[in-house]
Amino acid sequence: MEKRRLYMDYSATTPVKKEVLDAMMPYLTDYFGNASSFHTFGREAKNALDKAREQVANLVNAKPSEIYFTAGGTESDNWALEGVAFAHREKGNHIITSKIEHHGILHTCEYLEKHHGFEVTYLDVDSEGKVSLEQLESAIKDNTILISIMFANNEIGTVQPIAEIAKIAKKHKVLFHTDAVQAAGNIPIDVKELDVDLMSMSSHKIYGPKGIGALYIKTGTKLHTFVHGGAQERRRRAGTENIPSIVGYGKAAEIAKSNMENHVKNLTELRAKLINQILEKIPYTRVNGSLDDRLPGNVNFSFEFIEGEGILLLLDMLGIAASSGSACTSGSLDPSHVLMAIGLPHEIAHGSLRLTIGDFTTEDDIDYIIEHLPAVIERLRSMSPLYDQAMKNK
């Protein structure tokens, strides 16, 4: 009997949809020109580039001229932080972010602190993973040049009050960047309504190819050039454009825009069923993150008395692909910095499981997890001295 293959790690990456692959293929074979060339092949590539830029812009209600293609969300984060830091250094050297950001932000902040003398304030979050607007505003100084708060957390799914943060930033004449890699294409976003200055996005979270992303740069925002050496991306990010992947990203953005209502509705319903059933069937379990302001496909549990690595191993033996946190830190044995920031003790943070739902997830898939996960947790707890001691002390 063939082993079941059940993918529940959509926050890490998504499969490429057939329509996206079909859109990409001609640009790997027939229309392979360099978009900077003036001949017919080059013009074909340039037209495809322009169309994709418009498709990605439409996804978030931006102007096509405000979309700059990058190699992915992490590069977009790096560019936003370093671009503002070096372009506005004469005004100040203070950056505000949160303790639960993706490492694309946190490591860049550490680099700016260590090597360029910038000062960074890392805001605490509450038990749901939300920043305090009052603490954010009180952290602003005369030398603050940038606030960077992620739109939605990649581990616990909590969505931040982005519009309110943007108002505070504008009030104090500070630029505002948001890492929307998990959010853009998964929930409705309108950059004009939100009034953000910079926003990071990525293709591989919305059923497009890996290795291509975008940075929204609001018209008039002063930003340092990120890659030198050519005139591509209006002289702000040099390098021959990856046209097939850009075309794929554009098509994925177009599909996400047209399918947004059904996407949110279906994933929210499956998520609710999974959360409710697991909480009912497995004692000593908690859901991490906000239940109200949450990405539609994100579920993050902590199971007391056991470790996440054991859960992942047994689930994988059942054909279920899941994670215990961010894919970017899967090689680390340390507990999630996000779970620690929301106040979980080490022993509970170590027992975390992230199950993320996507467009190819079915109700039968959810039923399969509900059927097998309780037995996995029970088996691991039966071998746990912590669980044994807790039951004796009841």
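The dialogue below takes these features in turn.

Q: What kind of model is this, and how are residues numbered?
A: This is a predicted model, in which local features need pLDDT of at least 70 and side-chain atom pairs count only at pLDDT 80 or more, while totals for chains, interfaces and linings use all residues. Residues are numbered from 1 along each chain as its sequence is written, and side-chain values use heavy atoms, with hydrogens and water left out.

Q: How many salt bridges does a search of the whole structure find?
A: Side chains of opposite charge can pair when their charged atoms come close. A salt bridge here is a side-chain nitrogen of Lys or Arg within 4 Å of a carboxyl oxygen of Asp or Glu. The search of the whole structure gives 21 of them. In one, Asp364 pairs with Arg4, with 3.2 Å between the closest N and O atoms. Asp364 belongs to helix H15 (residues 363-382) and Arg4 to the segment before strand E1 (6-7), so this pair ties together parts 360 residues apart in sequence. Helices (H or I, at least four residues) and strands (E, at least two) are DSSP runs, numbered from the N terminus.

Q: Which other residue forms a salt bridge with Arg4?
A: Asp365 does, its closest N and O atoms being 2.8 Å apart. This pair also links distant parts of the chain, with Asp365 in helix H15 and Arg4 in the segment before E1, 361 residues apart. Through shared partners, salt bridges join Arg4, Asp364 and Asp365 into one network. Arg4 also lies over the face of Tyr368, at 4.1 Å from the ring centre. That label requires NZ of Lys or CZ of Arg within 6 Å of the ring centre and within 35 degrees of the ring normal.

Q: Are Arg4, Asp364 and Asp365 buried or partly exposed?
A: Buried means under 20% relative accessible area, exposed over 50%, and partly exposed in between (1.4 Å probe, protein chains only). Arg4 is partly exposed at 28%, and Asp364 is partly exposed at 47%. Asp365 has 11% relative accessibility and counts as buried.

Q: Where do Lys192 and Glu66 lie in the chain?
A: Their side chains meet in a salt bridge of 3.0 Å, N to O. Lys192 is in helix H8 (residues 191-194) and Glu66 in the loop between helix H3 (40-60) and strand E2 (67-70), 126 residues apart. Lys192 is partly exposed, with a relative accessible area of 38%, whereas Glu66 is buried at 2%.

Q: Which residues touch the most other members of the largest nonpolar core?
A: A nonpolar core is a set of buried Ala, Val, Leu, Ile, Met, Phe, Trp, Tyr and Cys residues joined through side-chain atoms within 4.5 Å. The largest has 65 residues, and Phe69, Ile147, Ile189 and Met201 touch the most other members. Beyond its neighbours within four places in sequence, Ile147 is in contact (heavy atoms within 4.5 Å) with residues including Ile96, Leu136, Phe176 and His177. A second, separate core of 29 residues includes Ile278, Phe301, Ile306 and Ile366.

Q: How many aromatic pairs does the search find?
A: A pair of aromatic rings is described by the distance of the centres and the angle of the planes. Rings of Phe, Tyr and Trp (its six-membered ring) pair if their centres lie within 6.5 Å; planes under 30 degrees apart count as stacked, over 60 as edge-to-face and the rest as tilted. The whole structure has twelve such pairs. For Tyr10 and Tyr207 the centres are 6.2 Å apart and the planes at 55°, so the pair is tilted. Tyr10 is buried at 7% relative accessibility, and Tyr207 is buried at 5%. Ring pairs link Tyr7, Tyr10, Tyr207 and Phe360 into a cluster. Lys17 lies over the face of Tyr207, at 4.4 Å from the ring centre.
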